[in-house]
Amino acid sequence: SICVVFAMSFVPASFTLVLIEERVTRAKHLQLMGGLSPTLYWLGNFLWDMCNYLVPACIVVLIFLAFQQRAYVAPANLPALLLLLLLYGTAYVVLTCINLFIGINGSMATFVLELFSDQKLQEVSRILKQVFLIFPHFCLGRGLIDMVRNQAMADAFERLGDRQFQSPLRWEVVGKNLLAMVIQGPLFLLFTLLLQHRSQLLPQPKVRSLPLLGEEDEDVARERERVVQGATQEDVLVLRNLTKVYRGQRMPAVDRLCLGIPPGECFGLLGVNGAGKTSTFRMVTGDTLASRGEAVLAGHSVAQEPSAAHLSMGYCPQSDAIFELLTGREHLELFARLRGVPEAQVAQAAGSGLARLGLSWYADRPAGTYSGGNKRKLATAVALVGDPAVVFLDEPTTGMDPSARRFLWNSLLAVVREGRSVMLTSHSMEECEALCSRLAIMVNGRFRCLGSPQHLKGRFAAGHTLTLRVPAARSQPAAAFVAAEFPGAELREAHGGRLRFQLPPGGLCALARVFGELAVHGPEHGVEDFSVSQTMLEEVFLYFSKDQGKDEGDEEQKEAGVGVDPAPGLQHPKRISQFLDDPSTAETVL
């Protein structure tokens, strides 16, 4: 009996792997966004898992029949065995790992306690058998043990000439176990559905008062004022003071974002890891609730009207939310049906989606055989199914070669030209310049700048970038020489003997003078070679991202001069661990 319950424990445990994978890869969230009801999602999984469970359950019964185990397959015992296995399968929905531990150990413990004649131990065994009935694995294991014991006692009485066989369906044998599992199945399913909807049922934790926003960039402040005043009637997506504070964290992951995106715009969200980009995407797609503020898509609140809002959005998560056994065509047909595309147009929608992303050649191959770039294309194609008004793309070109990346860029530009909006995150400055009509750089959950790529370069990247290569021992004199000859030059990076400066435009930093001074006096200060280039968007990104992770206390301390080395020359940033106190480890300074 113990061997049977141990073996049968692995069957429902294996079913949970698919659910966990779908949750981690966001495949479950994509299905719910497509229009699938959460209740239908769990019922569908339950019915499919039951069909799979019946196969090993039937094999167990056939093995008992083959070896003629009378305790299980005698005419009077077989119905009880079938009911035990069937009801155990319906009650596996949650607590699988805990059930495995309690089922085996509880069954063994109560069986061993019954071997002692001590009345106190017998009473403990009786109480434990009643308590452990709330676990399906115990009900199955203990039910099989009681069936064997019931048959053994019947055989013993029969040898003595007294037929005292009790039906195994009686309450004292397995009747209580069967009733417990009849209750557990619907109860555990209800518990699963309550967990699914816990964010709507449970009160949201109160967010403590956040500090004042303080001074913002003028473009960010202008956008905030436009959103607060309600001048966003033409915008398809509006973020109004969107905030997210996770439990146990002092600083908000997303801090009062205000943004409006009109139709036909590609908006880029830039930021280092941890800046709040993914948290923002999770809130605007309905994957998590905002702590404050709201996201409104096509006139529907994502938090209050998720079903209506999901009809107007497509989402490509950071991970590949695909099913490896389905083909590319089956993926698009599945999500087309979920989004309500008429059945007569499903095949056409799938074919056009595959052709748009260049996947027609791989349409009928399992998605698990696709390359990393083709998986990202397929995930993007799924996001575009049904022509949603807004498409959210979280790093869509990760893992793509340059040719595939540019092909996807052209596909997204075609989507924008059709009048639909795209909101994407990326670590590629080239990608943002090629696609985005507006972008924002996010630091510590807030927008530090906002505008078109050319506008941001014009405001924050005026001038040129000067790069020097000098011996590591002579970096101080070289930095002092540049600071003296080119007033306003700012040291942006020091990496060994490589120094990078930001030069202000015109005046004493005109290109002719820069080249002349460095050619004549550079060798005297250890300059081995130098280059001057136009400042790129990446420089703007690095300029703002250096503040990631600093809180207001750090900024106030910096302004007060605490921890600042007054010595002239190259300054190292304040180190955050004792390991970095060794100057030999400070190779790169940004």
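Student: Are phenylalanine 132 and phenylalanine 138 buried or exposed?

Tutor: Burial is judged by relative accessible area: under 20% is buried, over 50% exposed, and partly exposed lies in between, with a 1.4 Å probe and protein chains only. Here phenylalanine 132 and phenylalanine 138 are both buried. Keep in mind that this is a predicted model, where local features need pLDDT of at least 70, side-chain atom pairs count only at pLDDT 80 or more, and totals for chains, interfaces and linings use all residues. Residues are numbered from 1 along each chain as its sequence is written, and side-chain values use heavy atoms, leaving out hydrogens and water.

Student: How many aromatic pairs are there?

Tutor: Rings of Phe, Tyr and Trp (its six-membered ring) pair if their centres lie within 6.5 Å; planes under 30 degrees apart are stacked, over 60 edge-to-face, and the rest tilted. That rule gives eight aromatic pairs. Tyrosine 53 and tyrosine 88 make a tilted one, at 6.0 Å centre to centre and 55° between the planes.

Student: Which residues form one aromatic cluster?

Tutor: Phe281, Tyr315 and Phe392 do.
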